[in-house]
Amino acid sequence: MLTLYHARHTRSLRVLWTLEELGIKAEVKSLQFPPRKLQPDYLSINPTGAVPALVDGDLVLTESLAICEYIAAKHGPSLLVAPGEADRVQFLQWLWYGESTLMTPLSRMATVGRLQRQGPDIDAVMADARDNAGVRLTSLEKHLEGREYLAAGRFTLADISLGYPLYLIGLTGLDHLLGPRSSAYRNRLHVRPAFQRAVSVP
Ligand SMILES: N[C@@H](CCC(=O)N[C@@H](CS)C(=O)NCC(=O)O)C(=O)O
């Protein structure tokens, strides 16, 4: 049995979503956030204190996309675009864009927001991160021209990767940063029954 350490509104949503898409059961342990401060016993599972973590027997994985790829490779390879398959490179590009390019300014905003400080320096950091996210989103808008999904003409893990930061954009009131194609794309992802089930896990 897989065990997933999860906290609401975090990257563990990607893992829950992958599990739901593939109909895989896991024991979900919901943690208070941030576990680093509120659940110190969790550091014995993941010394970084970050979520998600997946335990499968002796194996412990602590990167959301590595966990999703591990699950997909075992149970649902159509979520991946294999080496040699057309669009493999686009798949990699957008898989990483979701965690690296797009999450970087959003994580900065979340971290600074959590500190609950005020003042011109904080405002400047937040404004810069917002601006940065907006600029970065223009490449998604461009890529979506004539495409329903990011790679291989089907729903893949790259879409799950992006679906999480697009969810955060909605949560943090940044919808105005999305162009029309990106907004329609996000709706397409988020109406999926598997996403709806995943996002309702407390
Ligand atoms: N690259 C990692 C990042 C994990 C991460 O930073 N998780 C955030 C929540 S989305 C977290 O737990 N932050 C709290 C902390 O680091 O204390 C992944 O994709 O899983």
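## Ligand site

The ligand sits in the largest pocket. A pocket is an open set of points on a 1 Å grid over the protein atoms alone, with protein on both sides within 12 Å along at least five of seven lines. This is a predicted model: local features need pLDDT of at least 70, side-chain atom pairs count only at pLDDT 80 or more, and totals for chains, interfaces and linings use all residues. Residues are numbered from 1 along each chain as its sequence is written, and side-chain values use heavy atoms, with hydrogens and water left out.

## Residues around the ligand

Ala, Val, Leu, Ile, Met, Phe, Trp, Tyr, Cys and Pro count as nonpolar; Asp, Glu, Lys and Arg count as charged; the others, Gly among them, count as polar.

Polar contacts are pairs of N or O atoms within 3.5 Å. The side chain of Arg36 places an N or O atom 2.6 Å from a ligand oxygen. A polar side-chain atom of Ser64 is 2.7 Å from an oxygen atom of the ligand. Val51 uses its backbone: an N or O atom there lies 2.9 Å from a ligand nitrogen. On its own, the ligand has 500 Å² of accessible area, and the protein covers 81% of it. Such areas come from the Shrake-Rupley method with a 1.4 Å probe.

The largest pocket has a volume of about 660 Å³. Its lining has 29 residues, and those closest to its centre are Arg11, Phe33, Ala110, Arg114 and Tyr164. A lining residue has an atom within 4 Å of a grid point. The lining divides into 14 nonpolar, 9 polar and 6 charged residues.

Which helix gives the largest share of this lining? Helix 5 does, with 7 residues. Helix 2 (35–38), helix 5 (103–114) and helix 7 (157–171) each supply at least two. Helices are DSSP runs of H or I with at least four residues, and strands are runs of E with at least two.

## Backbone details

Phe33 and Pro34 are joined by one, with omega about 0°. Pro34 is in the loop between strand 2 (26–30) and helix 2. The bond from Val51 to Pro52 is also cis, with omega near 10°. Pro52 belongs to the loop between helix 2 and strand 3 (53–56).

The model has 1 cavity of 30 Å³ or more. A cavity is a set of grid points where a 1.4 Å probe fits but cannot get out. The largest cavity holds about 40 Å³ of space; a volume is the space filled by probe spheres set on the points. His6, Arg8, His9, Leu13, Tyr167, Ala198, Val199 and Val201 line it. Of these, 5 are nonpolar, 2 polar and 1 charged.

His9 also has a positive phi, near 70°, although it is not glycine. His9 lies in the loop between strand 1 (2–6) and helix 1 (12–22).

Methods
Polar contact = N/O pair within 3.5 Å; in protein donor to acceptor, adjacent residues only side chain to side chain. Sits in = over half its atoms within 2 Å of the grid points.
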